[in-house]
Amino acid sequence: MDLAKWTINNKLISTIIIILTLGFGFSSYKNMARFEDPEFIIRTAQVFVPYSGASPLEVAREVTEPLERAIQELQEIDSISSTSSSGMSEIKVEIKSEFSPTKSELQIIWTKLRNKINDARPSLPFHQVQVRHKYLTILAMYMV
């Protein structure tokens, strides 16, 4: 027998099935666990090093390159990009997601990164250079 014919011949049973399906669906939707603002882990660090009075070439040679070499020793690094401008070096470091599936494992990688940068400080032109790391864990946001 065809489903369409059966539905037309058994209107009461069909209506009850449809109402039960809608009722259970709505109930399941209301009881579904959800987190309003799911957490996204951003696996990016930025290292800023001020070097007052230096040209972009000096910054690249004396600050950016030694720091990049030190950071590249970490196996967790996915990519490194840098910008050397007058008086400032900016290095962007991205971490491979397979090494940091959770926030706590990512914190260990940030500690390794900080240690590598601190180990490279003696090779910088002067020791009062301040290295700032910035890493983020953000909540989902609507962008219009």
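Let's start in helix α3 (residues 56-71), where Thr64 is found; helices here are DSSP runs of H or I with at least four residues, strands are runs of E with at least two, and both are numbered from the N terminus. The model is predicted, so local features need pLDDT of at least 70 and side-chain atom pairs count only at pLDDT 80 or more, while totals for chains, interfaces and linings use all residues. Residues are numbered from 1 along each chain as its sequence is written, and side-chain values use heavy atoms, with hydrogens and water left out.

Is Thr64 buried or exposed? With a relative accessible area of 3%, Thr64 is buried, because buried means under 20%, exposed over 50% and partly exposed in between, using a 1.4 Å probe and protein chains only. Leaving aside neighbours within four places in sequence, Thr64 is in contact (heavy atoms within 4.5 Å) with Val59, Ser82, Ser84, Ser89 and Ile91.

Ile91 turns up again beside Leu67, which also touches Val49, Ile117, Ala120 and Leu124, not counting residues up to four places away in sequence. Leu67 brings us to the largest nonpolar core, which has 22 residues; Leu67, Ile71, Val93, Ile95 and Leu113 touch the most other members. Such a core is a set of buried Ala, Val, Leu, Ile, Met, Phe, Trp, Tyr and Cys residues joined through side-chain atoms within 4.5 Å. Two or more residues each come from β1 (39-50), α3, β3 (88-95) and α4 (103-120), and α4 gives the largest share, six residues. In soluble globular proteins, nonpolar side chains tend to be buried together.

Leu3, Trp6, Ile13 and Ile17 make a nonpolar patch of about 390 Å², to which α1 (3-9) and α2 (11-31) each give two or more residues. Ile17, in helix α2, counts as partly exposed at 44% relative accessibility.

Stepping back, the protein chain has four helices and four strands, running α-α-β-α-β-β-α-β from the N terminus on. Buried residues make up 25% of its 144 residues. Among contacts between residues at least 6 apart in sequence, 66% join residues at least 24 apart.

Finally, a word on confidence. The chain averages a pLDDT (the predictor's confidence in each residue, from 0 to 100) of 83, and 85% of the residues score at least 70. Over residues 137-144 pLDDT stays under 50, and the model has 14 contacts beyond four places in sequence for them.

Key. Patch = residues over 30% accessible without salt bridge, like charges linked within 9 Å, V, L, I, M, F, W, Y side chains within 5 Å. Areas by Shrake-Rupley, 256 points an atom, 1.4 Å probe, with all protein chains shown as cover. Salt bridge = Lys/Arg side-chain N within 4 Å of Asp/Glu carboxyl O.
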